[in-house]
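Please give a short briefing on the structure shown below. Group the points by topic and keep the wording plain.

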Amino acid sequence: QVQLVESGGGLVQSGGSLRLSCVASARTATVGWFRQASGKARDFVASVSRTDITDYADSVKGRFTITRDNAMVTTYLQMNSLKPEDTAVYYCTGSILFGSSRDASDYTYWGQGTQVTVSS
């Protein structure tokens with residue numbers, strides 16, 4: 001069982017930046033970030049594969065960057081030019097699959113989530 005712990009959430013003004021971190025207790029092939037706004041479904045945000053192939057939701061492309069360290073234990077989500085519609089609980093996920101996926105069901109391990117609130 002892989003444990004994932006997110007940190008870095010908080011309150012920021014529109015246009016600001018935050019960096020989320022996800023520390024895993026062991027390597028996973030692919031790491032992703034999903035988010036869930038109040039009353040809405042959980043949506044894909046970004047993912048990075050074992051070979052550093054990245055994928056982004058259209059809504060965050062050009063504003064968010066996902067990276068992982070060489071040990072493939074810590075993953076970061078740099079979020080710039082934040083908008084009020086980015087407000088959500090952000091979840092780090094780990095998958096045993098070797099390719100990127102936007103499907104939440106492909107991810108086996110989930111963190112507890114970290115709240116990101118963007119004020120207008």
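Asp-52 has a relative accessibility of 52%, which is over 50%, so Asp-52 counts as exposed. This comes from a predicted model.

**Positive phi angles**

- Asp-52 is not a glycine, yet its phi is positive, at about 65°.
- The place of Asp-52 is the loop between β5 and β6, the latter covering residues 54–56.
- Ser-81, also a residue other than glycine, has a positive phi near 50°.
- Ser-81 sits in the loop between β8 and β9.
- The relative accessibility of Ser-81 is 41%, so this residue counts as partly exposed.

**Disulfide**

- The model has 1 disulfide.
- Cys-22 and Cys-92 are its two partners, with an S to S distance of 2.0 Å.
- Because Cys-22 belongs to strand β3 (residues 18–24) and Cys-92 to strand β9 (residues 88–95), the pair ties together parts that are 70 residues apart in sequence.
- The torsion about the S-S bond of Cys-22 and Cys-92 is about -75°, so the disulfide is left-handed.
- Cys-22 counts as buried, with 1% relative accessibility, and Cys-92 counts as buried as well, with 0%.

**Nonpolar core**

- The largest nonpolar core has 29 residues, and those that touch the most other members are Trp-33, Val-45, Phe-64, Leu-77, Met-79 and Tyr-90.
- Strands that each supply at least two residues of this core are β3, β4, β5, β7 (64–68), β8 (74–79), β9 and β11 (114–119).
- Leaving aside residues up to four places away in sequence, Met-79 touches Gly-16, Ser-17, Leu-18, Leu-20, Arg-63, Phe-64, Tyr-90 and Val-116.
- Two of these contacts of Met-79, Phe-64 and Tyr-90, are also among the core residues that touch the most other members.

**Largest pocket**

- The volume of the largest pocket is about 150 Å³.
- Its lining includes Arg-35, Gln-36, Ala-37, Lys-40, Ala-41, Asp-43 and Phe-44.
- Also in the lining of the largest pocket are Ala-57, Ser-59, Glu-85, Thr-87 and Ala-88.
- By residue class, the lining of the largest pocket holds 5 nonpolar, 3 polar and 4 charged residues.
- At least two lining residues come from each of β4 (30–36) and β5 (42–48).

Methods: Residues numbered from 1 in each chain as written. Predicted model: local features only at pLDDT ≥ 70, side-chain atom pairs only at ≥ 80, totals over all residues. Heavy atoms only, no water. Disulfide = S-S within 2.5 Å. Helix = DSSP H or I, 4+ residues; strand = E, 2+ residues; numbered from the N terminus. Buried < 20%, exposed > 50% of the residue type's maximum accessible area, 1.4 Å probe, protein only. 1 Å grid on protein atoms, 1.4 Å probe; cavity = no way out; pocket = protein on both sides within 12 Å on 5 of 7 lines; lining within 4 Å. Points joined across faces, edges and corners; volume = space filled by probe spheres on them. Nonpolar A, V, L, I, M, F, W, Y, C, P; charged D, E, K, R; others polar. Core = buried A, V, L, I, M, F, W, Y, C linked by side-chain atoms within 4.5 Å. Contact = heavy atoms within 4.5 Å.
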